[in-house]
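Biologist: Could you walk me through how to read this structure? I would like to begin with the domains.

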2 protein chains.
Amino acid sequence: MTSTKIERSYIREILDATNKKTISFAGGLPDHNLFPMKELKKASLKVFKNSLSMQYSKSQGNEGLRKIIASLYTNEYDFPTSKDEILITTGSQQAFDVISKTFLKEDVFVQSPSYLGALSAFRILGLKIKEFEDINFLKSNLKETSGLYMMSDFINPTTKCLSKKERKKILELLNKNNPYLIEDAAYSLLDFNGKIRKSISSSYEKSFHLGSFSKIVAPGLRVGWIRAKKELIDELLVSKEALDLHTPTFNQMLLNEYLKKNDLFEHLETIRKEYKEKMQFMSSCFEKYIPSFKFKKPKGGMFIYGEFTEDSFALAKKALAKNIAFVPASVFYTDKRVSNQARFNFSNSSKKEIEKGLKELKNLIS
Amino acid sequence: MTSTKIERSYIREILDATNKKTISFAGGLPDHNLFPMKELKKASLKVFKNSLSMQYSKSQGNEGLRKIIASLYTNEYDFPTSKDEILITTGSQQAFDVISKTFLKEDVFVQSPSYLGALSAFRILGLKIKEFEDINFLKSNLKETSGLYMMSDFINPTTKCLSKKERKKILELLNKNNPYLIEDAAYSLLDFNGKIRKSISSSYEKSFHLGSFSKIVAPGLRVGWIRAKKELIDELLVSKEALDLHTPTFNQMLLNEYLKKNDLFEHLETIRKEYKEKMQFMSSCFEKYIPSFKFKKPKGGMFIYGEFTEDSFALAKKALAKNIAFVPASVFYTDKRVSNQARFNFSNSSKKEIEKGLKELKNLIS
């Protein structure tokens, strides 16, 4: 345990600061209009019939749900997996804490810029965070006790996917240095065309592959998971149960019932189509109102990442005062460097809001 | 961060080991037949109408629910409290992690024997756990940076309540040494006669008072809370959001709706009556089948705690092999000392099971 006096996550602060007038491109919020409310409600009627849905349950998680997740790996990710290789977590966020507490003693390497929530979780446990932009940095620095945190698909915030060549290169480094790999797949099922990429974890045993229902069903249930080999899961269980005993029983049974009765990929099809359209629309608004903002259209996920011609942190502050929220890239780095880059979420705003927000943002740009 | 290779909680292991044939007096499980399923289901129908119940939400927790909890303090606990002094946690268990990460750097003092879940949470963060049986031990050892973890009402496992004199003594020590007080009130509302005792926290500002819906509504929702002054809550928020962003939105809205439409104290009346009856029944079975087991009838809570005339750990192992589970006291001490004492839960078994279990246990006693 080291210093714990840490700034609150900028994004969570924005979430707290927003009001009904705010147009928010800040959080990683899915479109709540796409949540399968009717189907979830129907599933709940079944779950409410069993009073054990309100009782304490096992730390590793609901067996039926773990089976469904395991088959998602085996059948869709081309990554053979059994239910014993899945640990249910209270949101994917909790996975960082559970893994770090159990296995990481000293340092963790993170892609830069990186997902804020992961940085906070590592920082609060007193781990040394080592940022890298160039994979080659890992060559001489990664140790057997180190953690390597990364996303391979639709990286938050940059929206990029690692190429096959990059994955191969990383795998080589992993096999050479043998660190713990934490591969965060929060957005992996959100390719606009439904493509599912091969994870690095599937070729590397000392790995944790993190998944979540937050982006593909609903985040308000806080159900995520860790996929790892059984020996690692068994050790994680100790930390998991000390944290919150187990993830809510009801929420797990609800998702289990929902997934048994509904086709997840049919639902994903709806989300992808809608998100692709919103991304296209936001892109066209940027081109129309702020053509100086340089970005590459993402192939999936929920964000557009690009570069202004001025300091994005100062701009974000001005914008928030006018009830427009987005995330300046500086907060995605541990050193809070000055950056012109910024992340815009498109999934949680209507087209009307997207147009209004970017039109107003235009007037704030020097 | 220090050693993390820690044994799994004995109780959680028992939970995992039990099967349908096991008669379990081990866990702290409420009677699932008493969960207000009908009322919760009704509340859920309202909550499902709002798709924001499935969306991300604020780290501090649902405002309506925090208001209800605050009024519980103000009106029932005689402890004036505002909604800003409440932080919702994912079960009360999470409170240990959140508080420790934020404020405790070195050591935590715990009543001995003590609640296992708290011990695990402290241990996993590398804190030095200092057990005390005599309050006077605190006099010269407690520091300003120390934590003091305790229960005041229906202490787990001993089932005792602190006397007014003991509370006064502890308060004097607190005021003298100024440590962080963590007062766990998990069972405080389960007095068989409905008596609510004055917390120590209400007279000491540097305190965290922990509450939970697990024992009074349903544990499967994993919703608990921390009551502390606003300045402390603001600092806790950083750790809370790094852990799981927030406690499930749906679960908080469900409890909020349930508590708005139903009288919690009417429900508590039902639970108390039932638990008192089961406690009386288990007491009479002990007297009938194992009269050598010495115990004092508790005035509330979910356990009977007493003493065999032989090593309870060895007995518990023999019993588990015969599908009877209870918790030997040795696991409630960090030094795993040999003890004849043991804890029996009565809330989660039927009278038939209680009688059958104790009758069979009798045959295993030397």
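Modeller: Domain bounds come from an automatic or database domain assignment. For chain A that assignment gives domain 1 (10-35 + 265-364) and domain 2 (55-261). Their C-alpha centres lie 25 Å apart. A word on the model: it is predicted, so local features need pLDDT of at least 70, side-chain atom pairs count only at pLDDT 80 or more, and totals for chains, interfaces and linings use all residues. Residues are numbered from 1 along each chain as its sequence is written, while chains are lettered from A and ligands numbered from 1 in the order in which they are written.

Biologist: How many residues does each domain of chain A give to the contact?

Modeller: Two residues are in contact if their C-beta atoms, placed from the backbone, lie within 7 Å. Here domain 1 of chain A gives 21 residues and domain 2 of chain A gives 23 residues. On the side of domain 1 that touches domain 2, the largest share, four residues, comes from H10(A). Helices (H or I, at least four residues) and strands (E, at least two) are DSSP runs, numbered from the N terminus.

Biologist: How many helices and strands does chain A have?

Modeller: Chain A comes to 12 helices and 13 strands. The radius of gyration, taken over C-alpha atoms, can be set against the globule rule, 2.2 Å times the number of residues to the power 0.38. Chain A has 20 Å, close to the 21 Å that the rule gives for 366 residues, so it is as compact as a globular protein of that length.

Biologist: How is chain B related to chain A?

Modeller: Two copies of a chain are related by a rotation about an axis and a shift along it. Copies are superposed by least squares on the C-alpha atoms of residues with pLDDT of at least 70 in both. Chain B can be laid on chain A with an RMSD of 0.0 Å by a turn of 180° and a shift of 0.0 Å along the axis. The two copies are thus related as by a two-fold rotation axis. The same surface serves both, since 100% of the contact residues of chain B recur in chain A.

Biologist: Which element of chain B gives the most to the side that touches chain A?

Modeller: In that interface, 57 residues of chain B are in contact with 57 residues of chain A. H8(B) gives the most to chain B's side, with seven residues.
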